[in-house]
Amino acid sequence: MTLIKSISGMRGTIGGIPGENLTPIDIVEMAAAFGQLIKTKHRNPSVVIGRDARVSGSMVAELCAQTLIAQGFHVYNAGLSTTPTIEMAVTDLKASAGIIVTASHNPGQWNALKFLNDKGEFISAEEGQQLIKTANDRSYNFNEVDQLGSLEQVDGLIQKHIEHIFNLPLVDAHLVASRKYKVVVDCINSTGTISIKPILEQLGCDVILINEEMTGLFAHNPEPLLQHLTELCEKVIAEKADLGIAVDPDVDRLSFICSDGTLLGEENTLVAIAQYILKNTPGATVSNLSSTRGLRDVTVSAGQNYFAAAVGEVNVVTKMKEVNAVIGGEGNGGIIYPELHYGRDALVGVALMLTYMAKENITILDLKNALPQYSISKNKIDLEKSWNVRSAIDRLIEIYENEEVNTEDGLKIDFESGWVQLRQSNTEPIIRVYSESNTMEAAEKLANDIIAKFKEIVK
């Protein structure tokens with residue numbers, strides 16, 4: 001079954017049977033449920049809809065738009081765009097809500113609806129639960145013919161987004177332009193072409209694109225991980241570029257390539273940029289419990305406080321607001337800079353990183369070598385129906401009671417040498433086991449030890 005409804009939206013593979021895959025029926029039902037939710041809070045509702053370049057995007061966005069028009073919404077159609085651009089457009093246009101049609105880093109057969117509130121932020125867990133209930137109960141309705149909504153095409157939202165970024169005190173476009181950086185960008189056949197390219201050009205960079213055709217036919221697995229970025233790494237070396245940039249199809253995740261063709265590491269995107277922010281605006285930082293210790297280390301070194309949140313952007317944002325964090329995000333290359341907005345944003349990450357490099361006269365490779373050195377191992381345990389997972393987790397908590405134990409999001413055990421986290425998947429019969437230490441060998445040993453103990457207990 002590839003249709004997944006969760007508090008953050010709905011995703012699935014296109015085609016097949018309604019209720020089992022992402023079909024027009026499911027799209028209309030979820031869009032209508034979202035419309036019903038928004039109408040309880042806004043008398044004259046409006047919504048911004050944008051999408052990445054995947055093949056099914058136009059079809060899915062059109063179904064959403066017409067469904068909401070049938071409920072009396074004024075629909076701002078942004079067309080091809082990025083997730084952070086739509087988040088910012090909601091507040092710029094004073095809209096009641098937003099929908100982003102994107103399956104983010106998932107392969108091309110997938111698509112998804114991501115729902116935003118009137119602040120341009122992902123809807124809360126409580127609203128997500130209400131949304132699912134409304135969809136399942138089909139407790140939504142449509143307007144009569146004289147109360148239908150309307151459609152408006154909106155252009156220039158990405159440029160407006162870039163202008164907001166250039167107005168940030170910690171972005172110095174003129175200084176960056178003076179460096180004339182040569183940058184190779186992997187646009188992964190999506191909207192990085194119309195977002196990362198223009199912001200780099202306006203920062204005075206010499207820009208070389210690969211996979212720039214916005215066909216939605218991804219040249220490789222679209223998740224910006226080392227094993228998928230071979231072409232980009234080779235191009236950076238061949239072009240003698242200062243750096244490389246990889247984004248995912250909706251441009252909310254960001255990965256940097258050093259001039260020698262090695263990766264800064266997606267975990268280190270947030271750590272490096274946070275280091276720059278902390279030098280200029282002291283304050284708290286936040287990442288999720290599955291992210292590297294590196295952010296904690298640079299935060300403590302700056303004399304500030306680090307906080308961890310449960311996995312999920314909405315959880316990170318909630319914690320950031322709670323502690324008034326100056327920077328936050330996730331270890332998957334997701335930068336959340338509240339001075340701009342509360343959403344993962346690759347564009348602001350690019351501008352902040354290049355300004356940091358220009359001000360300090362350093363390279364990405366210099367940054368990489370100066371950051372805390374950690375390795376993360378990502379594993380999983382395939383579950384059997386007869387296993388009592390809860391009981392096994394409780395036993396592990398007892399065994400490791402003398403260590404720093406966190407049960408906010410699965411089970412995370414912090415040792416002096418590193419950490420291990422076990423999180424049961426909501427969508428697969430597995431437990432994800434992430435571990436981190438100073439070396440990959442040490443990280444893998446931490447994971448293997450906890451996996452062995454878990455299996456011994458559960459059997």
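**Close-up views of a predicted model**

**View 1. Lining of the second largest pocket.** In this predicted model, the residues that line the second largest pocket comprise nine nonpolar, seven polar and five charged ones. The lining is made up of 21 residues, and those that lie nearest the centre of the pocket are Leu264, Gly265, Glu266, Glu267 and Tyr374. Helix H9 (266-280) and strand E16 (375-382) are the elements that give two or more residues to this lining. The space within the second largest pocket comes to about 650 Å³.

**View 2. Surroundings of Arg293.** Arg293 is found in the loop that runs between strand E12 (285-288) and helix H10 (294-301). With a relative accessibility of 9%, Arg293 counts as buried, because the limit for that class is under 20%. The side chain of Arg293 makes a polar contact, at 3.1 Å, with the side chain of Asp414. When neighbours within four places in sequence are left aside, the residues in contact with Arg293 are Tyr374, Asp414, Phe415, Glu416, Ser417, Gly418, Trp419 and Glu436.

**View 3. The aromatic pair of Tyr400 and Phe415.** The structure holds five aromatic pairs, and one of them is formed by Tyr400 and Phe415, whose ring centres lie 5.7 Å apart and whose planes stand at 85°, so that the pair is classed as edge-to-face. Tyr400 belongs to the loop between helix H14 (389-399) and strand E17 (404-406), whereas Phe415 belongs to strand E18 (residues 411-415), and the pair therefore ties together parts that are 15 residues apart in sequence. Both Tyr400 and Phe415 are buried, and Phe415 is also among the residues in contact with Arg293.

Terms used: Residues are numbered from 1 along each chain as its sequence is written. This is a predicted model: local features need pLDDT of at least 70, side-chain atom pairs count only at pLDDT 80 or more; totals for chains, interfaces and linings use all residues. Side-chain values use heavy atoms; hydrogens and water are left out. On a 1 Å grid over the protein atoms alone, a cavity is a set of points where a 1.4 Å probe fits but cannot get out, and a pocket is an open set with protein on both sides within 12 Å along at least five of seven lines; lining residues have an atom within 4 Å of a point. Grid points are joined across faces, edges and corners, and a volume is the space filled by probe spheres set on the points. Helices (H or I, at least four residues) and strands (E, at least two) are DSSP runs, numbered from the N terminus. Ala, Val, Leu, Ile, Met, Phe, Trp, Tyr, Cys and Pro count as nonpolar, Asp, Glu, Lys and Arg as charged, and the others, Gly among them, as polar. Buried means under 20% relative accessible area, exposed over 50%, partly exposed in between (1.4 Å probe, protein chains only). A polar contact is a pair of N or O atoms within 3.5 Å; within protein, one must be able to donate a hydrogen and the other to accept it, and residues adjacent in sequence count only if both atoms are side-chain atoms. Contact means heavy atoms within 4.5 Å. Rings of Phe, Tyr and Trp (its six-membered ring) pair if their centres lie within 6.5 Å; planes under 30 degrees apart count as stacked, over 60 as edge-to-face and the rest as tilted.
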